[in-house]
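Here are my notes on the aromatic rings. Please read them with the model open.

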Amino acid sequence: MLTKRIVPCLDIKDGRTVKGVNFVALKDAGDPVELAARYAEQGADELVFLDITATHEKRKTLVHLVEQVSAAINIPFTVGGGVSSIDDVQALLSSGADKISVNSAAFKRPELIDELAGNFGSQCVVLAVDVKREQDDWIVYLNGGRLSTGKSAIAWIQEAVDRGAGELLLTSMDHDGTKSGFAVEFTALISELVEVPVIASGGAGNETHFVEVFTSGKADAALAAGIFHFGEVTIPQLKSKLAQHQIPVRL
Amino acid sequence: MKIAIVQYNAGNTRSVQYALQRFGITPEITADPDRLRAADKVIFPGVGEASSAMKFLRDHQLDLVIKELKQPVLGICLGMQLMCCHSEEGNVEGLGIFSNSVKRFPSQENSGFKVPHMGWNSLSSCQGPLFKGLPEAPFVYYVHSFYAEIGTSTVATTDYIVPFSAALHKDNFYALQFHPEKSGVDGELIMRNFLELTI
C-alpha cells in the first residue's frame with residue numbers, strides 16, 4: 001500500500017541550516033548534510049531544503065550543498081527557495097536534486113511551470129503555495145507570507161496543476177509556527193480538487209496533528225521543521241503513532 | 001568493475017551516478033556503443049516521456065545496441081518501460097526485450113487514487129537474485145504514471161490501483177519500476193545485488 005510521507009524541512013542560509021537545531025547527537029547542528037543524513041536514518045521519507053539566502057552571489061553555495069546532499073543521502077529530496085528560471089532548475093537537478101519547488105516566480109510568471117514541466121517532467125515540479133484565510137476564501141501570499149496577491153488559492157492551484165505542476169506544497173500562514181495543527185480543512189479541499197499529491201505544511205505541534213492531516217485532511221505527505229529539529233516529535237515515534245491509527249507508513 | 005550508464009535524452013543519470021559513488025564506483029556515462037558493450041554492467045535509467053526517448057534511441061541506433069548487450073543490464077523507471085514491447089505513453093513500440101505492455105494508471109476520477117503514483121510502496125512476490133537478503137515486503141520509492149502489466153518476466157509486484165510489475169527479469173536483462181537509488185538501505189542492497197551478478 002502506498003504510504004503517507006513524513007517530510008522534515010531544512011531552512012538553508014548561505015549553505016547552513018538555520019532556525020536552530022537541538023539534536024544532542026550531532027557534531028555540528030548547522031551542517032545540513034549531517035542533519036539530512038540523521039533524518040534519513042531515522043526513517044524520513046523525503047526531505048525538503050528551502051534556501052532563504054538573500055543574495056544571488058551566495059546562492060551558488062546551494063548547488064554545492066545539493067551535490068553534497070546527493071552524495072550522502074539515499075532518499076528523495078526537494079530543493080526550493082528563489083527558483084525562477086530553467087537554468088536554476090537545470091543546475092539543481094544536475095547536482096542531484098529529485099524535485100524543485102517554485103513559488104513566487106511561478107505566480108508572477110505562470111508560464112514558468114509549463115517550461116519546467118516540458119523540460120524536466122511534471123514529476124520534479126513542486127508548486128509551493130502560501131495561503132491565508134480571508135473571509136470565506138484562501139488567498140495566495142508571496143515573499144514568505146508578507147505580500148498578499150488578493151488572488152484565490154483555489155484558482156491558482158487549479159491553473160498551476162493544469163500547466164504541469166506535479167505536486168503541491170501547501171503552507172497555511174495562519175497555522176505556520178503556531179504548533180496548533182495543520183490547516184486540515186484547506187488541505188482536504190485541495191487534495192480532493194486536484195489529482196496530484198499534496199504535502200501539508202505549517203502548524204505541526206504534536207503527533208495527533210499528523211493523524212488529523214492524514215485522515216480528515218487527506219494529505220499525501222506532511223512537512224515540519226522545528227518540532228523535528230528540537231526533538232519534540234521524533235520520526236520513529238510519529239510513525240508508530242500513525243500506524244496505531246491504521247495510517248499506512250513505511251516503518 | 002566497469003559500470004556504464006546509458007546516456008540519452010531522458011537519462012536521469014545523476015542520482016544513479018551518486019548512488020554508485022556511495023559504493024565507491026565511478027560509472028562511465030556514455031552513448032558510445034563500443035563503450036557500452038565493453039562494460040561489465042550497464043544501467044539504463046530514465047525519467048521523461050516514452051515516445052521522445054524511443055525516438056532518440058532509434059536515431060542513435062542505441063535501441064539495437066541495448067537489445068544485443070550480453071552483460072547484465074538494469075533498466076530503471078522509464079528505462080524499464082522502454083525495455084517492454086509497447087507503451088501507451090505516446091503509443092510507441094519499445095525495445096521488446098520483455099513482452100509486457102505499458103499502460104497508464106486510470107485517472108483519479110475513475111479510480112479514486114492520485115496519479116502519478118508517488119512515494120513509498122511495498123514489494124510482493126519478490127523472486128531472484130536482485131532481492132537476496134531483503135526483508136519481507138520491503139518499501140521502495142516510486143514516481144510514475146505508467147506501469148508494466150504483469151507477465152511471465154515479472155519477478156516482483158506492487159499494488160497501486162492495480163497490481164503491476166515492480167521488477168522484470170529475462171536472461172541478462174533486469175528492470176525496476178521503482179528507484180533503487182532513492183529507496184534507502186533496501187534500495188542500495190538491490191543495487192549491490194545487481195552489481196554482484198555474474199552471468
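1. The charged end of Arg250(A) sits 3.6 Å from the centre of the Trp120(B) ring, over that ring. Lys132(A) does likewise with Tyr141(A): its charged end is over the ring, 4.5 Å from the centre. Such a charge is NZ of Lys or CZ of Arg within 6 Å of the ring centre and within 35 degrees of the ring normal.

2. This is a predicted model; local features need pLDDT of at least 70, side-chain atom pairs count only at pLDDT 80 or more, and totals for chains, interfaces and linings use all residues. Residues are numbered from 1 along each chain as its sequence is written, chains are lettered from A and ligands numbered from 1 in the order in which they are written, and side-chain values use heavy atoms, without hydrogens and water.

3. Rings of Phe, Tyr and Trp (its six-membered ring) pair if their centres lie within 6.5 Å; planes under 30 degrees apart are stacked, over 60 edge-to-face, the rest tilted. The count is 16 aromatic pairs over all chains. In one, Trp138(A) and Phe186(A) have ring centres 4.6 Å apart and planes at 35 degrees, so the pair is tilted. Trp138(A) is buried at 6% relative accessible area, and Phe186(A) is buried at 1%. Buried means under 20%, exposed over 50%, partly exposed in between (1.4 Å probe, protein chains only).

4. Tyr8(B) and Phe44(B) also pair: centres 5.2 Å apart, planes at 40 degrees, so tilted. Both Tyr8(B) and Phe44(B) are buried.

5. Chain B also holds one aromatic cluster: Phe105(B), Phe113(B), Tyr142(B), Tyr147(B), Tyr160(B), Phe164(B) and Phe178(B).
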